[in-house]
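Please look through the structure below with the following report beside it. The report takes up aromatic rings, packed helices, backbone geometry and confidence in turn.

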Amino acid sequence: MRSQNKELAVTGIGVVSPFGIGLDQLENALLLGNSCIKPIERFVLRDNCQASLAATVPEFSLENISKSKKIPDHLKFGYRSTDDAIKDAGLCSTKLNEERTGIFVGLGRLVSSHLELLFRSIYSGDIKGVVPLNVEGIHPHGLACHVSNKYNIKGPSLTFAASELSSTQALESAIYFLLNNSIDAAIVVSSDSISSFHFHAAAASGILSKSKNPDHAPRPYDKHANGAVLSEGSVALVIERLNKARSREAKIKGIIKGVNIINEPYEHNNSDSKSGNNNTAIKKLFESYQLKKIGFINADGKGTKAHDLMQSIIIRNALGPHVDNIPVTSIQGHIGHTGGTNFLMQLASTIIS
């Protein structure tokens, strides 16, 4: 068995999703098989836009922040999920070691909604319409700065912007800092929102479903799949070394055995790539952490045929015939694709499963 010093515990979870605020909202909706996907109403769709479905977070207000203040959605989501995760972990201000806590943020999408606001204000001459939070909101490191400032966190503060891998890289970095004993607790948070620009750009690229019926999209691992559906939200996790968490009698939500990220460039003329033989990351993960028994795989499944087929082949090639006895699922059929937050949303749903 691996040493407890090498095992990490998730002690706090905060979730803001299109199902509502809180992990319970996500858990109940997934258990009931509910969907939060519907025609988007946040902005007017262009005439030539063929996509119309999305999953957006219901409106909510933050304590101590006036409704009149314009705060970027991803900051708003990130604030709330982080606050909930810290409270869930039982780390109030008196228990949080500020010097030994780090903040690791994954931001997958360009914060284009507030870029649009700034452009309109500046080019119309309405400089008074440019408020500080809008300017800070478009900075990729803005969420990490605000969270660090709010909780007076003095440890490492890092932001990762790698599209869908953003929250994965944030988690990986947090794990390295914890295992090296550089920090005692890590707050890993990712937050993404949907803007008009991003939605129309994704629709123009052809990756979004053209279906008008929310019951028909997305359809992960389905031969009738017709494209992905954009979603948004935020997930925050508090992660500690297992022995530290147990010493303070924290409630253990789940144990992280390991994480592995590698880069495998796609070669268009390589038949091995097309046949799904590139599964090095999965194999290395199993070998490195001696994962002998896999009980469940929460896969990415966007609802695009090429992506889902490739992922299915990679999983089968990595695990062999034993994969027939392992449930493989995707939450994106219920919640859509939450951008850089997608990995942490999957991790949260895996923990509650």
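A search of the whole structure, which is a predicted model, finds three aromatic pairs, where rings of Phe, Tyr and Trp (its six-membered ring) pair if their centres lie within 6.5 Å. Rings also meet charges here: a charge sits over a ring if NZ of Lys or CZ of Arg is within 6 Å of the ring centre and within 35 degrees of the ring normal, and the table gives two such cases.

| Charged residue | Ring | Distance from ring centre |
|---|---|---|
| Lys76 | Phe60 | 4.7 Å |
| Lys150 | Tyr79 | 5.7 Å |

Local features need pLDDT of at least 70, and side-chain atom pairs count only at pLDDT 80 or more, while totals for chains, interfaces and linings use all residues. Residues are numbered from 1 along each chain as its sequence is written, and side-chain values use heavy atoms, with hydrogens and water left out.

Helices (H or I, at least four residues) and strands (E, at least two) are DSSP runs, numbered from the N terminus. The axes of helix H6 (residues 166-179) and helix H13 (residues 342-352), as lines fitted to C-alpha atoms over the stretch in contact, come within 6 Å and cross at roughly 70°, which makes H6 roughly perpendicular to H13 (65 to 115 degrees). Ser167, Thr168 and Leu171 of H6 meet Phe343, Leu344 and Leu347 of H13, a contact meaning heavy atoms within 4.5 Å. By class, this contact of H6 with H13 has four nonpolar, two polar and no charged residues.

Helix H1 (residues 23-32) also packs with H13, their axes coming within 10 Å and crossing at roughly 70°, and H1 and H13 are therefore roughly perpendicular to each other. On the side of H1 the contact is made by Leu23, Leu26, Glu27 and Leu30, and on the side of H13 by Met345, Ala348, Ser349 and Ile352.

Most residues other than glycine have a negative phi, and most peptide bonds are trans. Asn181, in the loop between H6 and strand S7 (185-192), has a positive phi near 60°. The peptide bond from Ala217 to Pro218 is cis, with omega near -15°, and Pro218 lies in the loop between helix H7 (196-205) and strand S8 (230-231).

How confident is the predictor, on average, in the chain? The average pLDDT (the predictor's confidence in each residue, from 0 to 100) is 84, and 80% of the residues score at least 70. Confidence is highest in strand S1 (residues 8-17), at a mean of 97, and lowest in helix H9 (residues 271-274), at 46. Where pLDDT is low, the predicted coordinates should not be read in detail.

Definitions and conventions:
Rings of Phe, Tyr and Trp (its six-membered ring) pair if their centres lie within 6.5 Å; planes under 30 degrees apart count as stacked, over 60 as edge-to-face and the rest as tilted. Axes are lines fitted to C-alpha atoms, for helices over the stretch in contact, and angles run from 0 to 180 degrees between N-to-C directions. Angles under 35 degrees count as roughly parallel, over 145 as roughly antiparallel, 65 to 115 as roughly perpendicular and the rest as oblique. Ala, Val, Leu, Ile, Met, Phe, Trp, Tyr, Cys and Pro count as nonpolar, Asp, Glu, Lys and Arg as charged, and the others, Gly among them, as polar.
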